[in-house]
Amino acid sequence: MKQGIFRKLIGAAAACTMAAAAVPFSASAATEQVLVGYRGDINFDGAVSVTDAVILAHHLNLTAPMTDAASADRADMDRNGAINAIDLTLLKRAMYNQVFEGIYEEVEIPEAQLMEAPIKAVRPSVPSVGDVKILMVTVNFPDCSFTEGYTDEQVQDMMFGPSDPASPLYPMESISGYFSRASYGRLNMTGEVYSYTSSNSIDSYVGRTDDLVDEVLAALDDRIDYSQFDADGNGTMDTMLLALPGSASTDDWWPCNGGYYNNRYFDGVVLGNLCVGGWALSDVTGFISTWVHELGHGMGLPDYYKYVNTEDGYYGLNGDAGLEMMDDAFGDMSAFSKLMLGWYTTDEVMLYNGGTQTYTLQSSQQAPNCIVIPRYDINGYLSEYFIVEYATYEGNNIHWLFANGGIRILHCQAEIVEGYWGPELKYNNYGMYYDDSNQKQRVLRLVNEGNGFFGSGAVINSGTAGFAWYDDNGYQTVDPGVTVSVGQLTDGSYTITISQ
């Protein structure tokens, strides 16, 4: 997480108070009425014909009684529980008039399957879909303590309470609420909170974070079954949030995410991922957004910024269209983040494959959908492509910068390589292939950076800043060969036309 979170947000404005919740994803299976046949189709051949009338006549004169219950049910034309001459008359009348009563059954619609999360290629410790339970421990030191006076139960309710659009803290009313909206209900993140006071002063643990972790885990071992925090049952505790007081040194304890290397097992599991750092609990929204951002790292996402003080500015997604949780530690996650984390089904990602195609694009805060324009083979979305999405002032985007919202296009370069600590996104801002000039490849860039959202009538082509593929030297110079035209906003949706 970066210091100076709002470096790019120049100026001031009053925060709007309107709140709206994103439409949740329902895991319950839907059903629909399906036509399975017609009353009078006694032989199940898909038609009501003379053959059916003959079968019914033979049944009535006892020359060939029906023994099949399903056929007898279809022969009962008036559905009175008895088969007689009236039914034969009704069957003949239906044949004459060619008007047949359909028979329907309610069937379960198979639930759409989520895409495999591309970010799994970097082997993250924290699952990004399904039920995930997080352990948070607030740590006090003899010389550095939380002063807010909250109980563990109160902190747990703040961190992992349900989504609440009416909360004055919305959309940072809880970690659980944020991720439920961001993932369309496809990530159910809950957690438990405990507190601990260390044996030694805070400075004695600088550079020895794993030793502090071991001390905490050992001290709480009698109270906690750590195996409950292993969502996928792989023997690795997904993560632990080690929250230190806000008075902890920002030089030594700025919030960060990383691995655990002491390899000590508790309750049959070893800690996989660690989020640790200091933040004041009195700043509830800042506290929550800090850990949401770090949990994004735990799920495999990199920072989309590189925090440097240079004359040419901030190395991130600049402008109001660039607000993103993994960049600013505020706002919703972008369509790229959602795609990487596996929060879409295949049908929800509209893949451009040439020619002229027109799409309907809904708000990313209301419905899971985006448009992907690939450069070459999409390669499981671990390649170079553009993502088109519609961002609105709703859900996790309740921030004055999104007051108008609109279309934004993200330039993505999601290639995977073997990095310093294993597989990683090749051009992540702290990887070995990232160019510090910030002029070459990065995991994520914003097209037309600093100039806001695109609206109706906008035409994005090779003349638009940043709308270009990377060349062999890593610069954005290659004409993508497509034009993106933004149509009208009608009933909450934009029409987007992409043409070669």
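Helices here are DSSP runs of H or I with at least four residues, strands are E runs of at least two, and both are numbered from the N terminus. The model is predicted, with local features needing pLDDT of at least 70 and side-chain atom pairs counting only at pLDDT 80 or more, while totals for chains, interfaces and linings use all residues. Residues are numbered from 1 along each chain as its sequence is written, and side-chain values use heavy atoms, leaving out hydrogens and water.

Within α1 (residues 50–60), show D52, A53, L56 and H59, which are buried (under 20% relative accessible area with a 1.4 Å probe, protein chains only; exposed is over 50%, partly exposed in between). They lie on the same side of α1, because they cover an arc of only 120° around the axis, taken from the directions from the helix axis to the C-beta atoms. L62 follows α1 and has a positive phi, near 70°.

Next, select I175, F179, F336 and Y385, the residues with the most contacts inside the largest nonpolar core, which has 72 residues. Such a core is a set of buried Ala, Val, Leu, Ile, Met, Phe, Trp, Tyr and Cys residues joined through side-chain atoms within 4.5 Å. Helix α8 (residues 284–298) gives this core its largest share, 6 residues. A second, separate core of 30 residues includes Y205, Y226, M240 and A248.

Finally, go to E348, in the loop between α10 (335–340) and β11 (349–351). E348 is buried, at 16% relative accessible area. Beyond neighbours within four places in sequence, E348 contacts (heavy atoms within 4.5 Å) R186, W343, P368, N369 and C370.
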